[in-house]
Amino acid sequence: MGCVPLIRNILDYRIIFVLSFYLYGLFFIISIATKKSNYSIKRIELLAVSLMVIPFLPAANIVYPVGFVIAERILYIPSAGYCLLITIGLYKMKKKYNYYFKQVEVYFTCIICILALKSWRRSYDWQNEYQLYTNALNICPLNAKVHYNVAKVADAKYHADWALAEYKEAIRLYPEYYQAMNNLANLLKNQKKYKEAEHYLRISLHYKNDFPAAWMNLGIVLAHTGRYNDSQIAYKTALRYRKYYPDCFYNLGNLYLELNKTNLALENWFHAINLNPKHVSAWTNLLALLDNTGQIDKALQIIPKALEELPETPLIHFAIANIYGKIDEYNKAEKYFLKAINLFQNRVQAIHYANLGVLYHRWKKYDLATQMYQMALKIDSKFPSALKNLRNLERLKNKSN
């Protein structure tokens, strides 16, 4: 992935080191095979070499490309072989040069201390992904995978501009990096830059046509730009390559809702939930649509299942509260509204207080309704339903006075 530039020319001076390595390996094997040394030492030498070479082969990019340079996790066992070889070397030096060995011991101890300090320092980079990947960026600035990982971390920390720049750099370094293109398109889609997002998704699919995530994201972009037939084709293509894809069924349901095909929307959301019973968005949309289309009985039937799968999800409690509010189950509705607001904590929005205010309004608990509308207006001073209902309440109070 570009971290170590490949040798592409026989005149590249680095080829000397490669040849030296293979020559060393050849001489080492010859020495083990021909020298009349202690049999037990030979066995340990063979064990050391085997520990170094065999566990490393799957990650050596020889059998198949693995995409990373020398990851620490695949060096644990080879490191044991290396340490064993060093120990054998020290043992032989002690036997042959016993007089000078005290000096060697001092130097060797110093090296061990330095490497131990480096290892201790490196452990701090592994505390979290952010430190690990940004540190790798300093070491391997030409590695596309490193830039890709940094972009993912930046996106998780809501640094969208930084993430965009890192994804673009990853693609510049590796123009066929279809995963980076898909993630970049996702970021652009969230910023409503649909044309640019579509451009990257189509290039991604050019390099990997059976990439279901890119087909699904293309479907979302096409739906946002009003090309519903093309969007439907993209979703169905994604499902052809990945049959069990709850997110795609969820988005296809959203498309059918946009086309006013409510039964197909419900069917696809049910598919999503069957594949992933903890799909919050599918549950929320399903409950809301059943509520809005007057299918209250069906909604009441699935509420226990929704609560069983997602007992601490505020959106589910909020949707359930709205359903109970519509059928005048005021106590149950209040319970779920309060639970939802409590679970939302600092993410609570004006609509949550406003809807609870409507419940109290209909319940004729006017003081509590007023409080809720005022709470909604604290969050959003221009929230229309709260402003309108608060005025209606004031008029009602004036009439009664």
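Throughout this tour, a residue is called buried when its relative accessible area is under 20%, exposed when it is over 50%, and partly exposed in between, with a 1.4 Å probe and protein chains only. The model is predicted, so local features need pLDDT of at least 70 and side-chain atom pairs count only at pLDDT 80 or more, while totals for chains, interfaces and linings use all residues. Residues are numbered from 1 along each chain as its sequence is written, and side-chain values use heavy atoms, with hydrogens and water left out.

Begin by selecting Cys 83, which counts as partly exposed because its relative accessibility is 45%. A disulfide here is a pair of cysteine sulfur atoms within 2.5 Å, and by this rule the count is zero. Cys 83 is in no disulfide, and the nearest cysteine sulfur, that of Cys 113, lies 14 Å away. Select Cys 113 next: its closest cysteine sulfur, in Cys 110, is 6.5 Å away, which is too far for a bond. Cys 113 is also partly exposed, at 44% relative accessibility.

Follow the chain to Tyr 245, in the loop between helix 11 and helix 12, which counts as buried at 6% relative accessibility. Contact means heavy atoms within 4.5 Å, and, not counting residues up to four places away in sequence, Tyr 245 touches Pro 212, Ala 213, Met 216, Ala 238, Leu 239 and Leu 275. The C-alpha atoms of Tyr 245 and Pro 212 are separated by 8.7 Å, although these residues are 33 apart along the chain.

Of its 91 residues, Trp 283, Leu 286, Leu 287, Ile 316 and Ile 320 touch the most other members, and helix 10 supplies the largest share, nine residues. A second, separate core of five residues includes Cys 3, Leu 137, Val 146 and Val 150.

How values were computed: Core = buried A, V, L, I, M, F, W, Y, C linked by side-chain atoms within 4.5 Å. Helix = DSSP H or I, 4+ residues; strand = E, 2+ residues; numbered from the N terminus.
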